[in-house]
Amino acid sequence: MTDLLAVETSAGPADAVAGVRITPVDAVGLEQRAASLCTRSIKTSSKADALDLAIRVMDLTTLEGADTPERVQALCTRARHPDAADWSVPPVAAVCVYPELVPVAAEALADSPVAVASVAGGFPAGLAPLDARMAEIAWAVAAGADEVDIVLNRSAFLSGRYQKAYDEIAAAKQACGSAHLKVILETGELGSYDQIRQSSMLAMVAGADFIKTSTGKIGTSATPAVALCMAEAIRDMAEQTGRAVGLKLAGGIRTAKQAWHYLVIVGETLGSGWLTPERFRLGASSLLNDVLMQRAKLLDGRYQRREDFSVD
Amino acid sequence: MSDRLAVNKTYKQFIGGAFERSESGRSYPVAGAGGELLANAIQGSRKDVRDAVAAARSAQAGWAGRTAYNRGQVLYRVAEVMESRRDEFSAEVARAGDGCSHEAAAQETASAIDRWVWYAGWADKFSTVLGGANPVAGPYFNLSVPEPVGVVGIVVPDEPPLLPLVSRLAPVIVSGNTAVVLASQRCPLVAITLAETLALSDVPSGVVNILTGHRNELVSPLAGHVAVDSLDLTGCDAELAADAARQAAATITRVVSASAAERQWADESAQSPYLIDVFCETKTVWHPKGR
């Protein structure tokens, strides 16, 4: 903690959080490495495994003002059996909704392996009064959320008030109790890979079980370079402290091809130990249909038609 | 000028409004009448078929949503641009395949241009002729309207090089369908020159996609593609057509092939409003009549 305070008073970028070293990021090298990992070609049986894995790590998400209980129930039905015509398709990892709809999702998923995730803590800006944010988290957990997605206080982080950002995440972790805490960094608003690396470290040290790229509410979302940057931060964290933190990529992931590019990035950076729902998630809404289309193509050899797959 | 190096054209596939090499990176030599090398054409792959169908699919609603009058104008514009490049088309036709005299090539080019104009004229007339108001026993208006089926795959016969391509393509797109064309395997070059004309003629990107390559590689993924709504197998031999029809049946894709009369390419029997109709689906609407 003393290191964190030390950072707060210095004018330059943070180089350590609570004793954990933060290495600077080589932006050109990072982007080039991420791009080269995205050229990997995946064939036949590996592709089939990658598609099934993409489904198993998916957080099926609906975060719209127009979400109704019926819509969430329909989404939960899809989460259990993503393809109504083919029950060999595995269930997704979790369904992610707004707090008010957590009871609906919890009831619909009661006897299933699918977890209920809730955004909370003043999503998507994270600038509601602190008491209100903590109360929202506690409410969502009490209502049945197994996982809580909060946002980093970018206002505090970007103005150099690292201690405040840290304390809020630590408080949120307490409010979560036994539920898993995912911290959304909203990388599109952080400005540089160095800031992404620093905020990743800050969130992990403060107690995050997962760090997550984006809310999906702004234009810039997960990119391969951002995913690689955060995966490297997680690797550093694991090497320095032995703690394994999960990675969730969200926003803008729409095609099966993008999904397996991310699987390659995570697998190559963190090892296959991270390619499980416990340590890796893909937050998406429209990705599932494309994965199901590619899966059907692998099974019957025909290129598929989008209209033949469910809208929601 | 004698020692000047010729600058030869690269004949690339036409997918989604862009001229692209194959995803597979392959090409194949195209021979002229005397066996001499004319050029290397792109040897497309099944992934090119996939990309072309995706482009055709996304362009279809917008093209069908144009007014009939506008589609007619766009087709007429194709004829205008071809007319200005008559000599280029004639030269390409004359040296393609078995080759023909310059007079015969000029005649084929002129017929192809006239065929565009003929179908352009049908754009705002075929639904009146092929559809109509039906008398029914009740207080309703009952209207039948031909609507485009969607994405049509067209396998063009080998020869002649130009006229069959235009004769099969124009009736497909005039009603609002989009097309994925497998060009003649033996004479693919003039099809790509036509694609250049289309790219300059207000035809929206993706409405016509032209692939070159080996039929026995490309017909199967095209016929099996679930997003292809109708297939014109005029350019397939009996064995390939039977195989494609089997694939098409599994996804309820309509299969069409030119009749003997329609294969008299230079004759009027090769053009007909019923060729537009065969790539349409009739929608019937009931509307209550006021009292």
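Reader: How many disulfides does a search of the whole structure find over all chains?

Author: First, some ground rules: this is a predicted model, in which local features need pLDDT of at least 70, side-chain atom pairs count only at pLDDT 80 or more, and totals for chains, interfaces and linings use all residues. Residues are numbered from 1 along each chain as its sequence is written, chains are lettered from A and ligands numbered from 1 in the order in which they are written, and side-chain values use heavy atoms, with hydrogens and water left out. The search finds zero disulfides.

Reader: How do you know that A:Cys76 is in no disulfide?

Author: A disulfide needs two cysteine sulfur atoms within 2.5 Å, and the nearest one to A:Cys76, that of A:Cys96, is 11 Å away. A:Cys76 also counts as buried, because its relative accessibility is 1% and the limit for buried is under 20% (exposed is over 50%, partly exposed in between, with a 1.4 Å probe and protein chains only).

Reader: And what puts B:Cys236 in no disulfide?

Author: The nearest cysteine sulfur belongs to B:Cys187 and is 16 Å away. With a relative accessible area of 12%, B:Cys236 is buried too.

Reader: How many aromatic pairs are found over all chains?

Author: There are six. Among them, A:Tyr98 and A:Phe123 form an edge-to-face pair.

Reader: Why is the pair of A:Tyr98 and A:Phe123 called edge-to-face?

Author: The ring centres are 6.0 Å apart and the planes stand at 75°. Rings of Phe, Tyr and Trp (its six-membered ring) pair if their centres lie within 6.5 Å, and planes over 60 degrees apart count as edge-to-face, under 30 as stacked and the rest as tilted, so this pair is edge-to-face. A:Tyr98 lies in the loop between β4 (94–97) and α5 (102–108) of chain A, and A:Phe123 in the loop between β5 (115–119) and α6 (130–142) of chain A, so the pair ties together parts that are 25 residues apart in sequence. A:Tyr98 is partly exposed at 24% relative accessibility, while A:Phe123 is buried at 10%.

Reader: Which residues do ring pairs link into a cluster?

Author: These are B:Trp118, B:Tyr119 and B:Trp122.

Reader: What makes β5(B) and β6 (residues 140–148) of chain B a pair?

Author: Pairing takes at least two bridges found by DSSP, and these strands have two, in the antiparallel sense. B:Gly132, for example, stands opposite B:Ser144 in β6(B). The open sheet has three strands in the order β5-β6-β12 (chain B), with antiparallel pairing. Its edge strands are β5 (132–133) and β12 (280–288) of chain B, since each pairs on one side only.

Reader: How many residues line the largest pocket, and which lie nearest its centre?

Author: There are 33 lining residues, with A:Lys257, A:Gln294, A:Tyr303, B:Arg50 and B:Asp51 nearest the centre. The elements giving two or more residues are α3 (44–56), α11 (256–270) and α12 (287–300) of chain A, together with α1 (46–65) of chain B. The largest share, eight residues, comes from α1(B).

Reader: What makes a residue part of a lining, and what makes a space a pocket?

Author: A lining residue has an atom within 4 Å of a point of a 1 Å grid over the protein atoms alone; a pocket is an open set of points with protein on both sides within 12 Å along at least five of seven lines, whereas in a cavity a 1.4 Å probe fits but cannot get out.

Methods: Helix = DSSP H or I, 4+ residues; strand = E, 2+ residues; numbered from the N terminus.
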